[in-house]
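Student: I would like to learn how to read a structure such as this one. Could we go through it feature by feature?

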Amino acid sequence: MSEAASTRVALANSTALLPSLAPLLHEWLPRQRWFAGKGRPVTAFSLVSATEILPVDADSTGLGQGTGPGSGPGLLHLLIRVHQPSLPAQSPDDCYQMLLGVRSTLPPRLAPALIGHVAGGPLAGRTVYEGLHDPRLAELLLERLRTPGTLGTLRFDRGAAPIPAGLTPRVLDTEQSNSSLVFGNAYIFKIFRRVFPGTNPDLELPLALSREGCGRVPEPVAWFEATAPEPLTLGVLQPFLRGAEDGWQLALRALGSGRDFTREARALGRATAEVHTALATALPTPVLGSAQTEHLAAGMLQRLEAAAQAVPALVPYVPGLRTAFDAVAALGHKGRSWAAQRVHGDLHLGQTLRAADGFWSLIDFEGEPARPLLERRRPQPPVRDVAGMLRSFDYAARSHRPWNAEWAARCRAAYCDGYAEAAGVDPRSEPELLRAHETDKAVYEVLYEARHRPDWLPVPMAAIHRLAAAVD
Ligand SMILES: Nc1ncnc2c1ncn2[C@@H]1O[C@H](COP(=O)(O)OP(=O)(O)O)[C@@H](O)[C@H]1O
Ligand SMILES: O=P(O)(O)O[C@H]1O[C@H](CO)[C@@H](O[C@H]2O[C@H](CO)[C@@H](O)[C@H](O)[C@H]2O)[C@H](O)[C@H]1O
């Protein structure tokens, strides 16, 4: 066995590895934008898997930069469960994906990526850092994606299209829930941070849509997964839509200069409907009968009650808001049924990209990050996505001074018009269902903002005020 191989076995299996990294992770992890457990104490870590993608102390990048032990970087892939006992009793602890660079000495250009210096264990005396920031390690990841195969418990896969080699990587510098690398402005590689057992819908749905020939979603060209202890999706490479701008920025610019946005809103409505039609063709479309409809409404009510416990400002609105869910449950009780299908699940303006020629694409099919994966993969009425976008126009208008209620109302109407044109069904024709989904979304947003961006809380709270006052 070569020295590199024996190091790999020793490091990945070392029981001392995690205890030696734990003090550094305690400091570093809660500061990461993608860490979902902010504000709750971390009491312990447990190692789910460790794989040396590039063995520490050996340069196997093929880039010719290592001349001996300690000279080249190592790349350690870790899945780590983070224990936070303050979570509700039945919730499992979150599992995070980390890609740690390991070097003897960190070059100054990588200083911002520093995680810390390891005091003991198999990496004693080494420096660990956020590996994605190291171009050599990012290039290595692209190489792995180009050449399918397995490495320990990791499996790299790709579609039929060849992927060029040697593309220059950069870390995407934007507010996001995961981490992304852009290669040569040609591909974007999203690395999921909080990972869940099973196939991530952000791989599953774009693959299904591309099989259906739907061009509204960038097609995954490569991906990687963990095969054990249970299969789960770790990352997806897809074409980078160079020069495209996201709908949120475009909407804010339009608002800022007093410009109408209804043409764009209408086009977005059409794009959403096209994606829904393709998803309905590609994947199952169960009918929600009365039991399922009551279950749907009960889930919304449960989320409202949980959110009101976490955010007391919601409490006075609970009776008004629940009328929206009661109305849907009552219709279900009377025998009303609804078509369900796979949906985007967290559609908002920031999940839309407009190319220079005006063509809109939808991205990020992960669904609401706070929901269990099983729930996110469940077929739902497509109006769920419509409600998400309607909320987003309201968000944009509310985050602009002075508040422009008319602007939001026009965009909302144009979006529904566009959707109806392409889908053949007007989402406003089911007002109870639409109102319930909009209410559910606003409740989600209250919780999201309270946890992540408390300054934004007034935005969904304004909608809560409006929705609670609406009567059947
Ligand atoms: N295919 C793409 N082409 C161009 N930019 C993209 C593409 N996919 C994502 N982006 C950019 O990356 C950002 C983050 O992507 P997203 O999938 O929303 O990540 P996250 O789930 O981490 O929030 C988006 O807001 C968008 O600006
Ligand atoms: O894009 P993500 O998958 O990370 O989605 C989460 O963050 C969004 C904010 O970045 C949040 O969206 C809310 O704020 C948007 C404006 O920033 C607004 O357009 C959306 O309508 C509103 O819901 C999203 O809810 C959350 O899941």
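Student: Let us start with burial: why does Glu-438 count as buried?

Tutor: Glu-438 has 5% relative accessibility and therefore counts as buried. Buried means under 20% relative accessible area, exposed over 50%, and partly exposed in between, with a 1.4 Å probe and protein chains only. Glu-438 sits in helix α12; helices (H or I, at least four residues) and strands (E, at least two) are DSSP runs, numbered from the N terminus. Leaving out residues up to four places away in sequence, Glu-438 touches Ala-387, Leu-390, Arg-391, Arg-412, Arg-466 and Leu-467, where contact means heavy atoms within 4.5 Å.

Student: What should I know about the model and its numbering?

Tutor: This is a predicted model, in which local features need pLDDT of at least 70 and side-chain atom pairs count only at pLDDT 80 or more, while totals for chains, interfaces and linings use all residues. Residues are numbered from 1 along each chain as its sequence is written, chains are lettered from A and ligands numbered from 1 in the order in which they are written, and side-chain values use heavy atoms, with hydrogens and water left out.

Student: Which residues are closest to ligand 2?

Tutor: A residue is near a molecule or strand if one of its heavy atoms lies within 4 Å of it. Ligand 2 is surrounded by 13 residues, and Ser-177, Asp-346, Ser-392, Tyr-444 and Glu-445 are the closest. By class, five are nonpolar, four polar and four charged. Here Ala, Val, Leu, Ile, Met, Phe, Trp, Tyr, Cys and Pro count as nonpolar, Asp, Glu, Lys and Arg as charged, and the others, Gly among them, as polar. Helix α12 gives the largest share of this shell, three residues.

Student: Which residues are closest to ligand 1?

Tutor: The 18 residues around ligand 1 have Gln-176, Asn-178, Lys-190, Leu-241 and Asp-364 as the closest. A nitrogen atom of ligand 1 is 2.7 Å from a polar backbone atom of Leu-241, and one is 3.0 Å from a polar backbone atom of Pro-239. For ligand 1, the protein covers 88% of the 550 Å² of accessible area that the ligand has on its own. Strands β10 (187-191) and β13 (232-239) are the elements that give two or more residues to this shell.

Student: How do I read strand pairing?

Tutor: Strands of a sheet pair through backbone hydrogen bonds, either parallel or antiparallel. Two strands pair if DSSP finds at least two bridges between them. Here β12 and β13 pair in the antiparallel sense over five bridges, and they form a hairpin with five residues between them. Five bridges also join β12 to strand β7 (residues 154-158), again antiparallel. Phe-224 of β12 is the bridge partner of Phe-156 and of Gly-235 in β13.

Student: Are the residues of β12 buried or exposed?

Tutor: Five of the five residues of β12 (residues 222-226) are buried. Ala-222, Phe-224 and Ala-226 point one way, Trp-223 and Glu-225 the other.

Student: Where is His-276 found?

Tutor: His-276 is in helix α6 (residues 262-282), and its side chain makes a polar contact of 2.7 Å with the side chain of Asp-385.

Definitions and conventions. A polar contact is a pair of N or O atoms within 3.5 Å; within protein, one must be able to donate a hydrogen and the other to accept it, and residues adjacent in sequence count only if both atoms are side-chain atoms. Accessible areas come from the Shrake-Rupley method with a 1.4 Å probe; for residues, only the protein chains shown count as cover.
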